[in-house]
Amino acid sequence: MNSPGFSRFQFWLGPVSLVLAWWVWVSYASAHPAAWLNADAYYFPMLYRDLFEQSYPLSGWSLATAPVFFPDLLIFFPLALLSNAVLAIYLYPLVWSLLWVLSLYYAWRTVQETDPGRDQRLQSLGLLFALGGVLFLLAVTVESHLTPSLYSLVHPHGSSLCLIWSAAFWWRYLHTAQWKSLAGLALIALLTIPSDRLFWPLWVAPLAALSLVLLLHPFYRRRWQQLLTALGAVYLAARTGQAALDWLRGAGYLYFGQLKIKREQLDAGYIASLVRLPAQAWRDSHPIEIILAVLVISIAAWYLLRLCRSIVLQGPVFAGNGQTKKYFALLWSGSLAATIGASSMVGYVYYEGDLWHARYLSGLFSLSLPLLVWSGWNVRLPRLLLALFSSGLSILILIFGLDYAARQKLPWRAEHLYLDPVARCLDDNKERWQIQDGLSDYWNAKSVTLFSKQGIRAHQITGDVNPYLWVNNFWWYYGSSSKPRYTFILPRRLEEQALREKFGPPHAIADCAGQAVWLYPDTPDSRLAGFLSPAVLDLWRSTIGR
């Protein structure tokens, strides 16, 4: 069973099952777009179109609180250049999964004390590919708040890749003192902290804690220079990246919303999180998620308890063979604990008690499954058992995927993918209704603009009829070369009385895919055409600093 032929067979099963699982996810996401395709997920596509396809400058953008420049935008933009902004939404999860697999493989090779051999390398890669396919199927089959958002651009998960890269670079520098590993470690911190400041508690804090503990370890005490150098490089790089982003914001080159937490909010949110998190997790999670969470948290708790025990007894955390891999797992356990703690607290403060807000739990799945595998490697499970498990996992994915393909129509062409029904309806009636630009609520505006094939644009406004300053561009409303010609309103989720007081009654009301469309004449005296008063424009400019 450990022959070279079986190893190659197991390896190729992995990527084939991953691609098939991704294809099933594409089909399911197109048929059930609510969890994956909504206004929050269109941040990347709209930003790409403004920068590369249209004449709207970056200077007018109100970026997301976590701009996620690195590595998410660096993954998405090349995909959009090679295809288009809509297809890149579907391609991004596949590329992310491939990077996740390769990153974990690099981390695994980093902690190997000896060369595992070609057969074991192939088997390990096959297992990681199969785990990537499992993530896709979990996203399709598990109905909850957390798992379906795993591959959605609503919650980009690039920071979890940075966690894996950083852990590998840190461990390599600690054992080899190579400046390239140190430079890679610092570079990731420099680019990731400005993209998402949650990288402070999710990575920098666990790294600092483990570095200080390792100074008490007899073996690593001799390497105190590498420990302190790596920690100092990460901290200085992170502070530099954060200062650079703050300067760009202060100088008016970039604008993004900032969430400021007051001390009393933190205290109340943290206490409420500790009290309510288990009950809400039990109520809102799928049984598969609960089983996985209990298993992973138990393993992480074991590593962390070993760490506490070593501090009390002033002895080594681990003894015997395989210490390197166990310390690596300990580092991930600390990051996983920080992920759950920080996400539950921040999610409670800002999302009305929603402790399971998935945007802050990006590392949960991307770290939990590898931690399970790492624990299996640490206890030295027989290679035959791991090989059979990996092959069986891939075969099960293939059976599920082929069965799904037999019962459902997989999208063979781009035309089979999701198309917003309101955008399609507006396109079909563009000439008859004489429409070009319109106003809508937050959840409809970007979808109409992105999916319209006739260039129809809808701009988001608040319920009280003001521009909605969130993940959009000032120049959409004001025009980069010519002002928009507003001729319709999608009143769903808006205050109809406020709309009538502001713009007057529509001259006609039509229906588009079950939504009302208020039509207004395209004339100079139309109150809709000039709804942005000078006072509103001045307020917008002062808010974004331009």
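Reply: A salt bridge is a side-chain nitrogen of Lys or Arg within 4 Å of a carboxyl oxygen of Asp or Glu. The structure holds four salt bridges. This is a predicted model, in which local features need pLDDT of at least 70 and side-chain atom pairs pLDDT 80 or more, while totals for chains, interfaces and linings use all residues. Residues are numbered from 1 along each chain as its sequence is written, and side-chain values use heavy atoms, without hydrogens and water.

Me: Why is the contact of D246 with R197 called a salt bridge?

Reply: The closest N and O atoms of D246 and R197 are 2.4 Å apart, and the limit is 4 Å, so the pair qualifies. D246 lies in helix 10 (residues 224–250) and R197 in the loop between helix 7 and helix 8, so parts 49 residues apart in sequence are tied together.

Me: What makes D441 buried or exposed?

Reply: Buried means under 20% relative accessible area, exposed over 50%, and partly exposed in between (1.4 Å probe, protein chains only). D441 has 3% and therefore counts as buried. The side chain of D441 meets that of R493 in a salt bridge, 2.9 Å from N to O.

Me: How do you know which class D522 and R485 belong to?

Reply: D522 has 40% relative accessibility and so counts as partly exposed; R485, with 46%, is also partly exposed. Their side chains form a salt bridge at 2.6 Å, N to O.

Conventions. Helices (H or I, at least four residues) and strands (E, at least two) are DSSP runs, numbered from the N terminus.
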